[in-house]
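Here is a short briefing to read alongside the model. Take a look at the fold, and then let's walk through its helices together.

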Amino acid sequence: MARIPLDPPRTPLIRVLEWYSKRAYGKVLEPLMAYAHHRRVLIGTSRFELSVARWKKLDPGLKALAVMASASAIGCSWCVDFGYWENRRHGMPHEKLHDVPRWRESEVYTPLERDVMEYAEAMTATPPTVEDDLVERLRQRLGDERLVELTAMVAVENLRSRVNAALGLNSQGFKDSCDVPAGASR
């Protein structure tokens, strides 16, 4: 249960955000409603997220796995739920998304994907446990520009996940809308 009310005063800005959120995601995103209690935080976070969405150097699949690994390590059920839904919409296989919390035991990932998730977890640890050899492997395969984007994406997800977890924001059921219901015929 959220630790802050998710019904901020319905200003014109909030009404526009609710409309956009329903149109884009099918429901009002709870983090938006939490941030809406502080107009400058809401606007600053929204502008920042729009800027982050324009980072396009890193492969989207690698970016998604890094974000999901970080959210999973922190334990943000809202971020894992939304990330699953968002990445299924973009064609990522169910198995890759489903196995993120147990990526070390799963056989669905490439060596590069494993390094990316290891890096995301190492960055997310407190204190960070990033090792030189892992960074060098990633630099060799991604290059400096993509490594910087990967690092920044993991840091962004740490911000998102930690805020959501601290405010008690839990799954909104996004993942449920992706899965084929039990007993459905094909």
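In which loop does Pro 127 lie? Pro 127 belongs to the loop between H7 and H8, and a cis peptide bond with omega of about -5 degrees joins Thr 126 to Pro 127. Helices here are DSSP runs of H or I with at least four residues, and strands are E runs of at least two, numbered from the N terminus.

This is a predicted model, in which local features need pLDDT of at least 70 and side-chain atom pairs count only at pLDDT 80 or more, while totals for chains, interfaces and linings use all residues. Residues are numbered from 1 along each chain as its sequence is written, and side-chain values use heavy atoms, leaving out hydrogens and water.

**Helix H7**

- H7 covers residues 111-124, and its 14 residues reach 20 Å from first C-alpha to last, close to the 20 Å expected at 1.5 Å a residue; the expected span is 1.5 Å times one less than the number of residues.
- Because 10 of its 14 residues are buried, H7 is largely enclosed by the rest of the structure; buried means under 20% relative accessible area, exposed means over 50%, and partly exposed is in between (1.4 Å probe, protein chains only).

**Nonpolar cores**

- A nonpolar core is a set of buried Ala, Val, Leu, Ile, Met, Phe, Trp, Tyr and Cys residues joined through side-chain atoms within 4.5 Å.
- The largest core has 25 residues, and those touching the most other members are Val 100, Val 116, Met 117, Tyr 119, Leu 138, Leu 142 and Leu 150. H4, H7, H8 and H9 each supply at least two residues of this core.
- Tyr 119 touches Val 130, Leu 134, Val 135, Leu 138, Leu 147, Leu 150 and Thr 151, with residues up to four places away in sequence not counted; contact means heavy atoms within 4.5 Å.
- A second, separate core of 18 residues includes Leu 42, Cys 76, Cys 79 and Phe 174.

- The 15 residues of H4 should span 21 Å at 1.5 Å a residue, which agrees with end C-alpha atoms 21 Å apart.
- H4 is mostly covered, with 11 of its 15 residues buried; among them are Gly 61, Lys 63, Met 68 and Ser 70.
- Those buried residues pack against H5, H6, H7, H8 and H9.
- H4 and H9 pack at an angle of about 35 degrees with their axes 9 Å apart. Axes are lines fitted to C-alpha atoms, for helices over the stretch in contact, and angles run from 0 to 180 degrees between N-to-C directions.
- The residues of this H4 contact with H9 divide into seven nonpolar, three polar and five charged. From H4, Lys 63, Ala 66 and Val 67 are among those taking part, and from H9 the list includes Glu 149, Leu 150 and Met 153.

**Helix H5 and Ser 77**

- H5 (residues 77-89) has 13 residues and reaches 18 Å between its first and last C-alpha, close to the 18 Å expected at 1.5 Å a residue.
- Its buried residues include Trp 78, Phe 82, Tyr 84 and Trp 85, and the cover over the buried residues of H5 includes helix H1 (12-25), helix H2 (30-35), H4, H6 and H9.
- After H5 comes Gly 91, which has a positive phi near 90 degrees.
- Ser 77 lies in H5 and is partly exposed, with a relative accessible area of 30%.
- Leaving aside neighbours within four places in sequence, Ser 77 contacts Leu 169, Asn 170 and Ser 171.

- Ser 106 sits in the loop between H6 and H7 and counts as buried at 2% relative accessibility. Beyond neighbours within four places in sequence, Ser 106 is in contact with Asp 99 and Arg 114.
- Asp 144 lies in H9 and counts as partly exposed at 45% relative accessibility.

Technical notes:
Ala, Val, Leu, Ile, Met, Phe, Trp, Tyr, Cys and Pro count as nonpolar, Asp, Glu, Lys and Arg as charged, and the others, Gly among them, as polar.
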